[in-house]
Amino acid sequence: MTATGTTALLGVAADAALAVPGVAGLQPRLAHRLAAAATTRADPMPHRTSPEAGIRADRAPDGSGWHIEVRCVLTEGRRALDIARDVHDRVRTAVISHLSAPEPVTVTVTVTRIAARYDAA
């Protein structure tokens, strides 16, 4: 899969993860956060990190499949384990459906934090 294909794969995985009830957003990895901070200092316009920054897609070392890493920020209200399982299942299904040929896909879901809900008073 080309770089463009990998970018599309990241988008598919991000859309699937964000569609899960209880997912508030995707947490960018440190490299993306540092790049955004550097851009913000050089450019006074606010910089928005894309949801795909919270997804990492790597080919297996032997080229036999994909490993997808998803970093989620959750909302309160559901068990984190249930949300993480739903994210795992939906991302895996979406990625497999997106691939042109059947390949093994593994998914790792990391919960980076649980965002508190604020009631409108």
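**Confidence, core and a buried leucine**

Trainee: Which element of the chain has the lowest mean pLDDT, and which the highest?
Mentor: Helix α2, residues 30-42, has the lowest at 51, while helix α3, residues 80-98, has the highest at 97. Keep in mind that this is a predicted model.

Trainee: And what does the chain average?
Mentor: The average pLDDT is 82, with 74% of the residues scoring at least 70.

Trainee: OK, on to packing. How many residues are in the largest nonpolar core?
Mentor: There are 23. L26, I55, I68, V70, V87, V91 and V95 have the most contacts inside that core.

Trainee: Which elements supply at least two residues of this core each?
Mentor: Helices α1 (3-18) and α3 do, along with strands β1 (23-26), β2 (55-59), β3 (66-75) and β4 (105-115).

Trainee: Which one gives the most?
Mentor: That's α1, with six residues.

Trainee: Let's zoom in on V87. What does V87 touch, not counting residues up to four places away in sequence?
Mentor: A17, V20, V23, V70, C72 and V109.

Trainee: Switching to L74: where is that one, and is L74 buried or exposed?
Mentor: L74 is in strand β3. With a relative accessible area of 1%, L74 falls under the 20% cut-off, so L74 counts as buried.

Trainee: What is L74 in contact with, leaving aside neighbours within four places in sequence?
Mentor: The contacts of L74 are G22, V23, A24, A80, I83, V111, R113, I114 and A115.

Trainee: And how far apart are L74 and A116?
Mentor: They're 42 residues apart in sequence, and 8.8 Å apart in space, C-alpha to C-alpha.

Definitions and conventions
Residues numbered from 1 in each chain as written. Predicted model: local features only at pLDDT ≥ 70, side-chain atom pairs only at ≥ 80, totals over all residues. Heavy atoms only, no water. pLDDT = per-residue confidence, 0-100. Helix = DSSP H or I, 4+ residues; strand = E, 2+ residues; numbered from the N terminus. Core = buried A, V, L, I, M, F, W, Y, C linked by side-chain atoms within 4.5 Å. Buried < 20%, exposed > 50% of the residue type's maximum accessible area, 1.4 Å probe, protein only. Contact = heavy atoms within 4.5 Å.
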